[in-house]
Amino acid sequence: METTKVLMVCLGNICRSPLAQGIFEEKTKNLSFQVDSAGTAGYHIGSAPDHRSIAVALNHGIDLRNQKARKFESCDFDKFDYIFVMDKSNYKDVLALATSVEMAKKVHLFLPNGNEVPDPYYGDTEGFEHCFKLLNEASEYWIKNMENE
Ligand code: 4NP
């Protein structure tokens with residue numbers, strides 16, 4: 001079976017996309033998927049995920065502590081089949097680097113119906129739990145959707 005390659009993208013790659021990566025990896029661990037994450041900004045390159053994302057994930061049995069932030073690069077369009085972005089600002093920033101229709105077609109808002117995953121960075125732990133819930137539901141949605149393709 002061919003491996004489906006999925007990239008989760010947010011702004012800093014320390015809050016939302018590491019959580020999305022961990023959840024998606026957990027749900028596809030017995031399937032043929034490769035999952036990674038990146039940020040559109042370079043503020044946190046090389047950093048571990050935010051301690052609040054790590055804590056929320058651990059509460060749900062998912063360990064993010066081996067992840068390291070990196071910046072989204074144009075070559076990611078060639079390396080991945082699906083590029084999932086967390087909000088419309090990420091969408092705009094990633095799309096600005098696409099140089100073909102094929103590249104642009106790989107980019108999707110992760111939440112269905114055009115909704116955004118709110119940036120929890122300046123909020124409290126509750127915001128991170130809310131993100132977890134949204135990302136968990138979206139992961140299930142996409143896994144089902146991809147299987148039916
Ligand atoms: P993320 O959250 O995009 O979900 O990783 C943020 C992390 C850091 C910053 C903004 C958003 N920051 O401005 O440093």
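Asp36 and Arg70 form a salt bridge, with their closest N and O atoms 3.1 Å apart. The term salt bridge stands for a side-chain nitrogen of Lys or Arg within 4 Å of a carboxyl oxygen of Asp or Glu. Asp36 sits in strand E2 (residues 33-39) and Arg70 in the loop between helix H2 (51-59) and helix H3 (76-79), so this pair ties together parts that are 34 residues apart in sequence. Helices (H or I, at least four residues) and strands (E, at least two) are DSSP runs, numbered from the N terminus.

A word on what you are looking at: this is a predicted model, in which local features need pLDDT of at least 70 and side-chain atom pairs count only at pLDDT 80 or more, while totals for chains, interfaces and linings use all residues. Residues are numbered from 1 along each chain as its sequence is written, and side-chain values use heavy atoms, with hydrogens and water left out.

**Salt bridges**

How many salt bridges does a search of the whole structure find? The search finds ten. Three of them are set out here.

| Asp36 | Arg70 | 3.1 Å |

To describe how open each partner is, we use relative accessible area: buried means under 20%, exposed over 50%, and partly exposed in between (1.4 Å probe, protein chains only). Asp36 is partly exposed at 26%, and Arg70 is also partly exposed, at 22%.

Asp119 is partly exposed, with a relative accessible area of 41%, but Arg16 is buried at 2%. Salt bridges that share partners join Arg16, Asp87 and Asp119 into one network.

**Around the ligand**

Arg16 and Asp119 turn up again beside the ligand. Which residues surround the ligand? They are Cys10, Leu11, Gly12, Asn13, Ile14, Cys15, Arg16, Tyr43, His44, Asp119, Tyr121 and Tyr122, where a residue is counted if one of its heavy atoms lies within 4 Å of the molecule. This shell divides into seven nonpolar, three polar and two charged residues. In this grouping, Ala, Val, Leu, Ile, Met, Phe, Trp, Tyr, Cys and Pro are nonpolar, Asp, Glu, Lys and Arg are charged, and the others, Gly among them, are polar.

For Gly12, the distance from a polar backbone atom to an oxygen atom of the ligand is 2.8 Å. On its own, the ligand has 360 Å² of accessible area, and the protein covers 92% of that (Shrake-Rupley method, 1.4 Å probe).

Asn13, another residue of the shell, has a positive phi of about 60° although it is not a glycine. Asn13 is found in the loop between strand E1 (4-10) and H1, and it is buried at 2% relative accessibility. Asn113 also has a positive phi, of about 65°, and lies in the loop between E4 and H6. Is Asn113 buried or exposed? Asn113 is exposed, with a relative accessible area of 74%.

**Helix H1**

H1 has twelve residues and reaches 17 Å from its first C-alpha to its last, close to the 16 Å expected at 1.5 Å a residue (1.5 Å times one less than the number of residues). Nine of the twelve residues are buried, so H1 is largely enclosed by the rest of the structure. Among the buried ones are Arg16, Gln21 and Phe24.

A polar atom of the Arg16 side chain lies 3.0 Å from the backbone oxygen of Val117. Gln21, buried at 8% relative accessibility, has a side chain joined to that of Ser37 by a polar contact of 2.8 Å. A polar contact is a pair of N or O atoms within 3.5 Å; within protein, one must be able to donate a hydrogen and the other to accept it, and residues adjacent in sequence count only if both atoms are side-chain atoms.
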